[in-house]
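Me: I am new to this structure and would like to understand how its descriptions are reached. Could we go through them step by step, beginning with a single residue?

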Amino acid sequence: MTDIMEKKTCLYDEHVALGALMQPFGGFIMPIQYTNIVDEHTAVRTDCGVFDVSHMGEVRITGVDAERYVNHIFTNDITDAPTGQIYYGMMLYPNGGTVDDLLVYKMGKDDFFLVINAANIDKDVAWMQQQAVGFDINLDHQSDQYGQLAVQGPQAEAVVEQVLGLPCKELKFYTTKTATVPDGFPSGQVIISRTGYTGEDGFEIYGSHDYIRECWRKLIQSGRCKPCGLGCRDTLRFEVGLPLYGDELSAYISPVMAGLSMFCKLDKPEFIGRDALIQQKTEGVAQKLVGIELEGKAIPRHGYPVLDAEGNTVGEVTTGYHCISVDKSVCMALVNSAVAKLGTALQVQIRKKTFRGVVVKKKFYDKHYKKYSSFASNEYTENKPHRG
């Protein structure tokens, strides 16, 4: 039975009409799948899929101290960022634990658009407000004003331009722009960015609830864009090594532990958690996030114990699947640093059996972003190397 406190996105009725399996996620009732996860996953890898991500949170930071404030709460460095650039990073507690991972959009002078995870909206906004003391800013929580779509896959550019009438070819990876809504849609402004959480080329579109509903209907009616649920959103992000807050990042898992130090600019004069990260980088951390490839087809799940070759517990699985795109059983796991080296033999306990595995890179499938930003430090790549 659905918790009465769970919210519905502006597309709830559209999902129900399509027969989606609806389940709670992040305080919302969301579509998990429409047909099946494999079909939807494959559509994004080979063609085009659309996700309702209207549950994500949005906060606008403006004012004369906006840049200084965002740099204070954010691990990446937005100093003198060009308008239209997007940055990935984290907000941290003073001890280095993660408040959330997020995207920061530079919308204009002294104007930043922050996109946060749905399950953390209330906590994040309260944290931001607490840190705003002494800064001349306006912090505007806008989550209820926006619907959001993610159009993802090799055909995403053509679909967005031809079906939605939104010019997007000029956008490079991790850049954004505002556009006027085309004729035939509810009026207003739309924010479009070349971002996503799947490892494929794609776009995220923010607009009014009415506009997002009309976009969804046109995309589905066109037959060129498969509706996709959060089930395949998780399999897609996982197999390209993108973290999920609550699994690979948390109040107890720092970016250093998660292997995301490249998004933490320790040469900045200051940000919350900086001193803790410097200490972790200098002294080392007790645990690290690794990838593990298992023998056979057993599926590791969140929380399953990870053992060393002698059978001692050395960590636990954060996310695991039988990887759809490469047909392997793999997982990400937080393990003792002593066993985190590539090639180390480990085991995963799955119910009453143990299965042998080996430490591998966390990226199990190569990303296929079409255009790369010149701001390499902002890429979710392990070239080197997200949200999601």
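Reply: Gladly, and please keep in mind that this is a predicted model. Gly26 is described as partly exposed, with a relative accessible area of 26%.

Me: Why is Gly26 called partly exposed?

Reply: Buried means under 20% relative accessible area and exposed means over 50%, with partly exposed in between; Gly26 has 26%, so Gly26 is partly exposed.

Me: Where is Gly26 found?

Reply: Gly26 lies in the loop that joins strand S1 (21–25) and strand S2 (28–33), in a protein chain that has nine helices and 19 strands.

Me: What does Gly26 touch, not counting residues up to four places away in sequence?

Reply: With those sequence neighbours left aside, Gly26 touches Ala118 and Ala119, where contact means heavy atoms within 4.5 Å. Gly26 and Met56, which are 30 residues apart in sequence, are 9.0 Å apart in space when taken from C-alpha to C-alpha.

Me: How do you know that the radius of gyration of the protein chain agrees with that of a compact globule?

Reply: For 388 residues a compact globule would have a radius of gyration near 21 Å, and the protein chain has 21 Å, so the two agree. Along its principal axes, the C-alpha trace spans about 65 × 50 × 45 Å.

Me: How many of the 388 residues count as buried?

Reply: In the protein chain 59% of the 388 residues count as buried, which means that each of these has under 20% relative accessible area. The protein chain exposes about 15800 Å², of which carbon and sulfur atoms supply 50%.

Note on methods:
Residues are numbered from 1 along each chain as its sequence is written. This is a predicted model: local features need pLDDT of at least 70, side-chain atom pairs count only at pLDDT 80 or more; totals for chains, interfaces and linings use all residues. Side-chain values use heavy atoms; hydrogens and water are left out. Helices (H or I, at least four residues) and strands (E, at least two) are DSSP runs, numbered from the N terminus. The radius of gyration is taken over C-alpha atoms; the globule rule is 2.2 Å times the number of residues to the power 0.38. Buried means under 20% relative accessible area, exposed over 50%, partly exposed in between (1.4 Å probe, protein chains only). Accessible areas come from the Shrake-Rupley method with a 1.4 Å probe; for residues, only the protein chains shown count as cover.
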